[in-house]
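Please have the sequence and the structure open while reading.

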Amino acid sequence: MTEQQPIAPAPPADVPPVSSAEVPPMPEAPPAVAVEPPPVVVEPPVKKDRRVLRAVLRWSAAVVVLAAVGSSTAYGITRMERTDVPGLATETDGRWTYPEITKPPLPSGSPAPFAEANPASVHHADLRALLLPAPEGAKADKTLAGRDGWLAKKDFLSVYGSKEDRDDLGQVLTDHGLRHVAARGWTAQDGTRTRIYLLQFDSGQVADVLQQDHLTSYDSPNHALRGAAEVHTDEDFPSEAEVMNVRHYSYTESKPYGAEQVRQAYLVSGDVVGLVVQSRKGGAAAVPFQQTVILQSQLLD
């Protein structure tokens, strides 16, 4: 039996044989080009100017310190009395030293003079307790004490110079229903004489009419005080000193005046009309007058 040789499988009929001559040649690789790396630029180190750094640090520290000091100073001033602040010391501008001033208590259940529940703007506190106390070192004027602290109408009218003015104003006060007059006066250590009068009526409307029609006019009061025939509006009285619920009309005697200079101010606060008078031989200083008017106004507010 003869050995059979393996038979190679025939190629598929649909695939023609491929000769090596038909294979396209591979493209030649382009010649290699040497690429040089970009030059490395090394910047020189920046030299820190120590003087600049020190200056910046100093200014930063100064800002922090100033902010802290400013805050503590503002807080300190709000906690200090006026006399403790160097620029506001009373000794430098002629202010007087008054005792601690507090408003008197209201009767139980009574509204404040300018509360919504008080349309007539009546001061229910005792009128005598609304008078400004005398400053330290002053000598009280006992002639203004009156009886039980109430001054008679005729004694109030004696502050006016002419009989005609006293008679006219006396009738006006009666017609407007004057209820009470409280007064206080003193002579300060520098010789300035102060007199304060508070007149009370039935309502704020009555007090307003009295002031507008009978007491004051544009440049001068309607009735001259003793020793002050020629007075005019005090242009130097600071407008920022106005108290919210108190109107003041300030006048001063201009030169040439007599032995004394007289300053005066009418106050209108609800049902109360006030009169503040200061006089002094040689001239009445403006600062204590303004101070007295303002403090009395604050008590009436």
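## Aromatic pairs

Four aromatic pairs occur in this predicted model. One of them joins Tyr 98 and Trp 186 edge-to-face, with 6.3 Å centre to centre and 80° between the planes. Tyr 98 sits in the loop between α1 (50-79) and β1 (139-140), while Trp 186 belongs to strand β2, so this pair ties together parts 88 residues apart in sequence. Tyr 98 has 11% relative accessibility and counts as buried; Trp 186, at 0%, also counts as buried. The cut-off for buried is under 20% relative accessible area.

Phe 156 and Tyr 197 form another pair. Their ring centres are 5.3 Å apart and their planes meet at 70°, so the pair is edge-to-face; the angle that counts as edge-to-face is over 60 degrees. Phe 156 is in helix α2 (residues 153-157) and Tyr 197 in strand β3, so parts 41 residues apart in sequence are tied together. Phe 156 is buried at a relative accessible area of 3%, and Tyr 197 is buried with a value of 3%. Ring pairs link Phe 156 and Tyr 197 with Tyr 160 in a cluster.

## Helix α5

Helix α5 runs over residues 286-300. Its 15 residues, at 1.5 Å a residue, should span 21 Å, and the end C-alpha atoms are 21 Å apart, which agrees.

Of these 15 residues, 11 are buried, so α5 is largely enclosed by the rest of the structure. Among the buried residues are Pro 288, Phe 289, Val 293, Leu 295, Leu 299 and Leu 300. The cover over the buried residues of α5 includes strands β2 (180-187), β3 (193-200), β5 (247-253), β6 (260-269) and β7 (272-281).

Technical notes: Residues are numbered from 1 along each chain as its sequence is written. This is a predicted model: local features need pLDDT of at least 70, side-chain atom pairs count only at pLDDT 80 or more; totals for chains, interfaces and linings use all residues. Side-chain values use heavy atoms; hydrogens and water are left out. Helices (H or I, at least four residues) and strands (E, at least two) are DSSP runs, numbered from the N terminus. The expected span of a helix is 1.5 Å times one less than its number of residues. Buried means under 20% relative accessible area, exposed over 50%, partly exposed in between (1.4 Å probe, protein chains only). Contact means heavy atoms within 4.5 Å. Rings of Phe, Tyr and Trp (its six-membered ring) pair if their centres lie within 6.5 Å; planes under 30 degrees apart count as stacked, over 60 as edge-to-face and the rest as tilted.
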